[in-house]
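Please keep the sequence and the model in view while reading.

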Amino acid sequence: MIEFVLSDEQRQVRDTIRRFVENEIMPLESVLIRREIEGGHGASPGLTGGEMRALQEKAQALGFWGIDLPSEYGGADLDPVTQALIHEELGRSIVDFQFGGSVLPALFSCDEAQKDTYLLPTIQGERVSCIAISESGSGSDAKAMRTTAVRDADGWVINGEKTWITRGDIADYVILFARTPNEGDPNGITCFLVDRDAGWTSAPIPVMGSRDKIGSLFFNDVRVPGTAVLGTVNRGFDHAMPFIYRNRAFVLSAKNLGAMTRMIELTLEWAKGRKVFGKLLADRDNIVQAVAELELELRSSKLMVYHAAAKAAQGGDYRHEACTVKAYVARAANRVADRALQIHGAMGYAKESVVERWYRDLRVERIYDGSDEVNLANVARNLFRGYARPGDMF
Ligand SMILES: Cc1cc2nc3c(=O)[nH]c(=O)nc-3n(C[C@H](O)[C@H](O)[C@H](O)COP(=O)(O)OP(=O)(O)OC[C@H]3O[C@@H](n4cnc5c(N)ncnc54)[C@H](O)[C@@H]3O)c2cc1C
C-alpha cells in the first residue's frame, strides 16, 4: 500500500521549520535585497558569517543542528524524507541558510587524526571547507581533470588549477581531487585534504546569482604530507558520488520545491490584487491556465523528490531516481520562475522582488551537481543498459 502520510514527528519538524523560516529567515530577505541594490550589480549577496551564526544558534535552540550528521558526532541523523521536508521549507526563502553542524560527507572518511584536524572543527563551525573537482577544461567530464599529485620523499607535490569552487575563495582547507598517475592506475584519482597554509591560493569569480563566494584555486608545487590522503589512493571518487546523488535527489531538488511553492503563493496573491484593463489578472483565462500549470509543475516535482527520498530512506539504490529528479525539478523550477516573473510584469523584474532573485539564483540548478544534459544522459544510459526499467518506482 502507498501511503502519502507524514508521521506526527515529521509533521512537527516541518511545521517548526516553517515557522522558523517565516519568523526568522524571511525578514532578512529585504536586508539582502537592499544590500545587493546598494552594492551595485553582481552576485546575490548572502548572509554575513555573523548573521549565519546567529540564525544557526536560534535554530539550535529549537533542536535543529546537524540534521544530516551521524549521531556519533552529536547529529540528529534525520532520515532522507525528513531532511527533504526541512530543505523544502528552507527553500521557501531566497536567504541561503544552512543549519550548524553540517559538513561535506566526504569528511566522514577521515582517519582518526584527520577527524581532529578537519571533521570535528568543521562540524563546530570553526573551519570552512570546500570541495574541488571541476577545472576549466573538465566540468561534466570530471575524470578528465589535469591537476596532479605526485609522490616524493616527504609526501605529495600538487600542481594544477580548480575552478567554480563553492566557498573556494573563503575556505581554509580544500577536499581536493587530483590525478595520481604514478600510483599504478593511469586514470587514478585521489582525494586529499589540503590546508590553505600549504600554499594554495584562490581568486573570486563573479557569477550571476550564487551567494557562495565561488572561486578558482591555484596549486603550484604545493607540498602535503602522506597523511593528507583522504581514504584510499586512486579511489577518490568514492568520496564524491554519495554527496552528489544525495544533493540531486533530496537536498537541492527539495529546496527547489520550496522556491516553487513560494513563487506560486506570491503569484496567486499578485493575480488577486492586480487589475489590467479593468479586470483582475486572477479573472483572466490565460492567467488562470498559467497558474494551474505552475501547480502541475510543483506537484509532479514533489512526487518525484519524495519518492527518491523514500527510496533513499529504505536504503535502496536511488541513483536513477536522483538523476531523474534533478533533471526534471531543476528545469521545472526555472519554468516556474519564468512564468511567475511574467505574471508579475515589471514588478517581477524589479530587484525588490524575490521572484527576480530566484529567476537568477535558480539558473545554476540546471548546471551544477550534474547539468540537465548529464543527468538526462545518465537516465537514458540506465534504461538502455537495463540498470533501470522504464517508470519502475516500486
Ligand atoms: C555556482 C556554481 C558552483 C559550483 N560549485 C562547485 C564546487 O563546489 N566544486 C566543484 O568541483 N565544482 C563546482 N561547480 C562546477 C560544476 O560542477 C560544473 O559547472 C558542472 O559540472 C558543469 O561543468 P562545466 O561548467 O565545465 O560545463 P561543461 O561540462 O563544459 O558543459 C557545457 C555544456 O555541455 C553540456 N554537456 C556536457 N556533457 C555533455 C554530454 N555528454 N552530452 C551532451 N551535453 C553535454 C553540459 O550540460 C552543458 O550544457 C560549480 C559551478 C557553479 C556554476
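Leaving aside its neighbours within four places in sequence, with which residues is Arg 223 in contact? Arg 223 is in contact with Asp 152, Trp 156, Val 157 and Ala 198, where contact means heavy atoms within 4.5 Å. The model is predicted, so local features need pLDDT of at least 70 and side-chain atom pairs count only at pLDDT 80 or more, whereas totals for chains, interfaces and linings use all residues. Residues are numbered from 1 along each chain as its sequence is written, and side-chain values use heavy atoms, with hydrogens and water left out.

**Arg 223**
- Arg 223 belongs to strand S7, residues 215-225 (strands are DSSP runs of E, at least two residues, numbered from the N terminus).
- Its side chain makes a polar contact with the side chain of Asp 152 at 2.4 Å (a pair of N or O atoms within 3.5 Å; within protein, one must be able to donate a hydrogen and the other to accept it, and residues adjacent in sequence count only if both atoms are side-chain atoms).

**Domains**
- An automatic or database domain assignment divides the chain into domain 1 (8-102), domain 2 (109-235) and domain 3 (240-384).
- The C-alpha centres of domain 2 and domain 3 are 32 Å apart.
- Between domain 2 and domain 3, 8 residues of the one are in contact with 8 residues of the other.
- These two domains bury about 630 Å² between them, 66% of it on carbon and sulfur atoms (the accessible area, 1.4 Å probe, that two parts lose on being put together, summed over both).

**Ligand site**
- The ligand lies between domain 2 and domain 3, because both give residues to the shell around it.
- The ligand is surrounded by 16 residues (each with a heavy atom within 4 Å of it), and the closest are Ser 134, Ser 140, Thr 166, Ser 371 and Glu 373.
- A backbone N or O atom of Ile 131 lies 2.8 Å from a ligand nitrogen atom, and one of Ile 133 lies 2.8 Å from a ligand oxygen atom.
- In the side chain of Glu 373, an N or O atom is 2.6 Å from an oxygen atom of the ligand.
- The ligand taken alone exposes 970 Å², of which the protein buries 61% (Shrake-Rupley method, 1.4 Å probe).

Technical notes: Helices (H or I, at least four residues) and strands (E, at least two) are DSSP runs, numbered from the N terminus.
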